[in-house]
Amino acid sequence: AIIVIAMALRPGIASIGPVLPLISREFSLSHAAASLLTTIPTLLMGLLALPTPWLARQLGKNELLLGSLMLLFISMVARTFVSDVTLLLLTTVGVGAGIAIAGTLFAGIIKAQFPTNVAMMMSIYTTSLAGSTTISAAATGPIAAIAIANGSSGWRIGTGIWSPVALIAIFAALGILMRERRELAGATAKAVTAVRLPLRNSTAWLVALFFACDNFLFFAFLAWTSPIYREQGLSTASADLVLATFTVVFTVAMPHDRRAWLAVCAVLSGTGTLGMALAPSLPQIWIAIAAFGVGGGFTLAMTLPLDNAHSADEANAWNAFMMTVGYLLAATGPLLVGLLRDATGTFQAPTWLLFTVALGMFLLTPFLAPRSHAFSGSQ
């Protein structure tokens with residue numbers, strides 16, 4: 001169920017990048033305005049991470065998970081029928097909210113169900129996320145092209161075709177809910193207490209900043225890789241292939257043990273973005289290197305909060321804090337790339353911005369050494 005639900009949490013965002021020029025053309029959007037289609041979900045992943053643990057205590061984590069996936073499915077379907085910019089953005093808000101709430105719940109679910117295998121299960125979860133990102137990002141462009149050739153709206157078919165994935169996830173979440181209700185029938189309910197956010201914990205802030213840098217790069221690449229290389233003269237198919245290279249390497253870069261990988265991932269992210277700026281004629285090489293760093297960094301960042309969690313509720317609190325700070329900062333990635341492109345007329349300055357963020361990742365890594373008991377589950 002974790003794998004099925006995780007695979008529903010990225011196509012709503014990942015399918016936008018390959019068809020962003022089509023959407024921009026239909027709605028007459030600037031680069032900055034077009035970036036909102038990726039920025040809004042990322043922003044909500046930060047804003048809604050904070051209230052999600054409270055909602056889970058009030059409504060039940062499985063009930064909330066089910067509701068968030070229903071919202072995601074309805075919003076993805078509705079977005080394919082919008083006729084103006086306002087509705088386009090509103091349905092994007094629904095997509096982002098569904099992804100944000102469901103994603104925030106996973107750390108606690110994994111900590112509760114697999115207390116001695118949190119790192120392995122988090123790797124499975126993040127690999128599932130990356131796998132669905134790869135498939136949807138790679139296939140959306142060709143699907144849209146086929147739809148256009150047949151006289152249909154390419155971006156609507158290309159993005160809407162992924163909504164059944166969210167529908168399948170709804171049934172998976174419903175199965176989890178029914179199973180837990182059967183198991184708890186007749187059992188004495190345990191008191192659920194709120195856990196404070198680690199606002200005064202310096203490690204929590206460093207973890208959140210690393211997470212922010214990594215996801216700044218991830219969502220900027222997701223939104224703008226294809227447009228960047230189309231502008232440099234590649235065909236639509238070739239530019240989409242560059243994006244597919246990023247998502248494929250991102251997936252295979254998921255490490256199952258983060259020791260000594262933090263700095264390596266940061267260096268690879270920096271090397272890839274620097275290469276993009278200095279030698280843009282070799283996109284597949286630099287994108288692959290950057291993707292290896294960003295992909296590995298994502299899994300490492302997702303497991304770091306669990307080092308400090310003694311329970312599922314505490315894991316939710318740490319995860320919510322990391323996601324709130326991290327995604328709020330990461331949401332500026334696609335937007336700043338779009339703004340810089342509008343201001344300078346090229347993607348050169350935005351590429352140097354990505355390198356600067358990767359450098360920030362590297363500078364944070366000396367302070368993020370995981371403790372020796374990280375994977376033991378003994379906490």
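Colleague: What share of the contacts with a separation of 6 or more in the protein chain comes from residues 24 or more positions apart?
Modeller: Such residues account for 83% of them, a contact being heavy atoms within 4.5 Å. This is a predicted model, in which local features need pLDDT of at least 70 and side-chain atom pairs pLDDT 80 or more, while totals for chains, interfaces and linings use all residues. Residues are numbered from 1 along each chain, and side-chain values use heavy atoms, without hydrogens and water.

Colleague: How many helices and strands does the protein chain have?
Modeller: The protein chain has 17 helices and 0 strands, counted as DSSP runs (H or I, at least four residues, for helices; E, at least two, for strands).

Colleague: How is helix α4 oriented against helix α11?
Modeller: Helix α4 (residues 31-47) packs on helix α11 (residues 202-231) at about 160°, with the axes 9 Å apart. Angles run from 0 to 180 degrees between N-to-C directions, and those over 145 degrees count as roughly antiparallel; α4 is therefore roughly antiparallel to α11.

Colleague: Which residues of α4 and α11 meet?
Modeller: His31, Ser35, Thr38, Thr42 and Met45 of α4 meet Phe219, Ala223, Trp224 and Glu231 of α11. By class, this contact has 4 nonpolar, 4 polar and 1 charged residues.

Colleague: What describes the packing of α7 and α8?
Modeller: The axes of helix α7 (residues 85-113) and helix α8 (residues 118-149) come within 9 Å and cross at roughly 150°. Gly103, Phe106, Ala107, Ile110 and Lys111 of α7 make the contact with Val118, Met121, Met122 and Tyr125 of α8. This contact has 7 nonpolar, 1 polar and 1 charged residues; Ala, Val, Leu, Ile, Met, Phe, Trp, Tyr, Cys and Pro count as nonpolar, Asp, Glu, Lys and Arg as charged, and the others as polar.

How values were computed
Angles under 35 degrees count as roughly parallel, over 145 as roughly antiparallel, 65 to 115 as roughly perpendicular and the rest as oblique.
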